[in-house]
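Dear colleague,

I am handing over the structure below, followed by notes on what was found in it. Please read them alongside the sequence and the 3D view.

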Amino acid sequence: MEDCIFCKIINGDFGTEFVYENEDAVVFKDINPKADTHLLVVPRIHVESLNELNDEALLGRLMMTVKEAAKKAGLKSYRTVINTGKEAGQEVFHIHIHILSGDIRL
Ligand code: AMP
Ligand code: ZN
């Protein structure tokens with residue numbers, strides 16, 4: 001997707017550092033952190049939100065990616081959040097899973 005900021009990040013357009021990555025997803029630090037550690041798990045394919053995601057196997061692998069990225073970041077305790085739709089606070093319309101740990105300000 002041309003105008004999608006997360007597609008651009010996945011494409012390497014901004015030189016964003018990936019703290020973890022695999023075949024399905026990349027994981028990077030949120031630019032405006034709401035916790036001591038705030039990571040975003042973003043699938044490589046462009047899907048607007050959970051409402052448009054029909055691949056349940058991919059959703060399962062994304063949750064495994066959450067676990068693997070948290071482990072790599074040394075997080076034992078963390079919160080996962082998926083905002084779906086504007087009214088729920090979704091700002092970037094490329095599905096992503098927030099990982100928040102430490103002092104959570106959300
Ligand atoms: P959401 O509100 O669930 O759509 O979350 C979008 C998140 O993306 C917000 O927490 C933003 O701070 C974060 N964000 C937006 N642009 C960037 C960027 N260029 N790099 C890292 N995080 C970003
Ligand atoms: Zn995208």
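A residue is taken to be near a molecule if one of its heavy atoms lies within 4 Å of it. There are 17 residues around ligand 1, and those that come nearest are Asp-30, Gly-89, Glu-91, His-96 and His-98.

Please keep in mind that this is a predicted model, in which local features need pLDDT of at least 70 and side-chain atom pairs count only at pLDDT 80 or more, while totals for chains, interfaces and linings use all residues. Residues are numbered from 1 along each chain as its sequence is written, chains are lettered from A and ligands numbered from 1 in the order in which they are written, and side-chain values use heavy atoms, with hydrogens and water left out.

By type, the shell around ligand 1 divides into seven nonpolar, six polar and four charged residues, where Asp, Glu, Lys and Arg count as charged, Ala, Val, Leu, Ile, Met, Phe, Trp, Tyr, Cys and Pro as nonpolar, and the others, Gly among them, as polar. Helix 1 (5–10) and strand 2 (25–29) each supply at least two residues of this shell, and helix 1 gives the largest share, three residues; helices (H or I, at least four residues) and strands (E, at least two) are DSSP runs, numbered from the N terminus.

Oxygen atoms of ligand 1 lie 2.7 Å from a backbone N or O atom of Gly-89, 2.9 Å from a backbone N or O atom of Val-92, and 2.9 Å from an N or O atom in the side chain of Asn-83. Taken alone, ligand 1 exposes 500 Å², of which the protein buries 87% (accessible areas come from the Shrake-Rupley method with a 1.4 Å probe).

The whole structure holds two aromatic pairs, that is, rings of Phe, Tyr or Trp (its six-membered ring) whose centres lie within 6.5 Å, counted as stacked with planes under 30 degrees apart, edge-to-face over 60 and tilted for the rest. One of them is the edge-to-face pair of Phe-6 and Phe-28, at 5.6 Å centre to centre and 80° between the planes. Because Phe-6 lies in helix 1 and Phe-28 in strand 2, this pair ties together parts that are 22 residues apart in sequence.

Finally, Asn-22 is found in the loop between strand 1 (20–21) and strand 2, and its side chain reaches the backbone nitrogen of Asp-24 at 3.0 Å.

With kind regards

Methods: A polar contact is a pair of N or O atoms within 3.5 Å; within protein, one must be able to donate a hydrogen and the other to accept it, and residues adjacent in sequence count only if both atoms are side-chain atoms.
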